[in-house]
Amino acid sequence: MEARSSILIFIDDDPKPIADFISPVNFELDTTKLVDGKHTLKIVSRDPDGKEGIRLIPFEVQNGPAIAIEGIKENAIVDGVLPLMINAYGKGNSQNFHIVGSESPRSIPSWVWIIIIGFFGWAMYYLISYLHLRPQ
């Protein structure tokens, strides 16, 4: 029988592995047991000769309600009073879809206002030109 590599799987800086396998393996990581935020998956492999290989995979868990905010961006420099629109909604389960709160309301983007103003400006110019050039 051929010797195979062993695989140890760690989360963050925990010295105790969450899993110990012989290669190859299919593994399901249950993120519901992790707190929301940034984590690192550390995979350590040892070949039959004792050599180690390490792979670090950063990831972010968001099992809690999603939070959408409009009115401020990350690392923004602000002053005065900020009007903020905040929406938080959970994913629920995959059996039922909850329409309420599943879509974040947003204000109308500025480029839409520019197109609307441009269209009405063009329409007014066209109307004035038409009335001015019309024979009496």
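Colleague: What is L34 in contact with, leaving aside its neighbours within four places in sequence?

Modeller: L34 touches I11, H39, F59, V61 and N63, where contact means heavy atoms within 4.5 Å. This is a predicted model, with local features needing pLDDT of at least 70 and side-chain atom pairs counting only at pLDDT 80 or more, while totals for chains, interfaces and linings use all residues. Residues are numbered from 1 along each chain as its sequence is written, and side-chain values use heavy atoms, leaving out hydrogens and water.

Colleague: Which residues make up the largest nonpolar core?

Modeller: Seven: I7, I9, I11, A19, L34, L41 and V61. Strand β1 (residues 6-11) gives the largest share, three residues. A core here is a set of buried Ala, Val, Leu, Ile, Met, Phe, Trp, Tyr and Cys residues joined through side-chain atoms within 4.5 Å; buried means under 20% relative accessible area with a 1.4 Å probe, protein chains only.

Colleague: And the sheet, what's the strand order?

Modeller: β2-β1-β3-β4, an open sheet with antiparallel pairing. Strands are DSSP E runs of at least two residues, helices H or I runs of at least four, and two strands pair if DSSP finds at least two bridges between them. The edge strands are β2 (19-22) and β4 (52-61).

Colleague: How many bridges join β3 to β4?

Modeller: Ten. One partner of interest is F59 in β4, bridged to H39.

Colleague: Switching topic: is α1 in the open or buried?

Modeller: Largely in the open, because zero of its 24 residues are buried. UniProt, in an unreviewed entry, places a "transmembrane region" at residues 111-133; such annotations may be inferred rather than shown by experiment. That stretch is 100% helix.

Key
Buried < 20%, exposed > 50% of the residue type's maximum accessible area, 1.4 Å probe, protein only.
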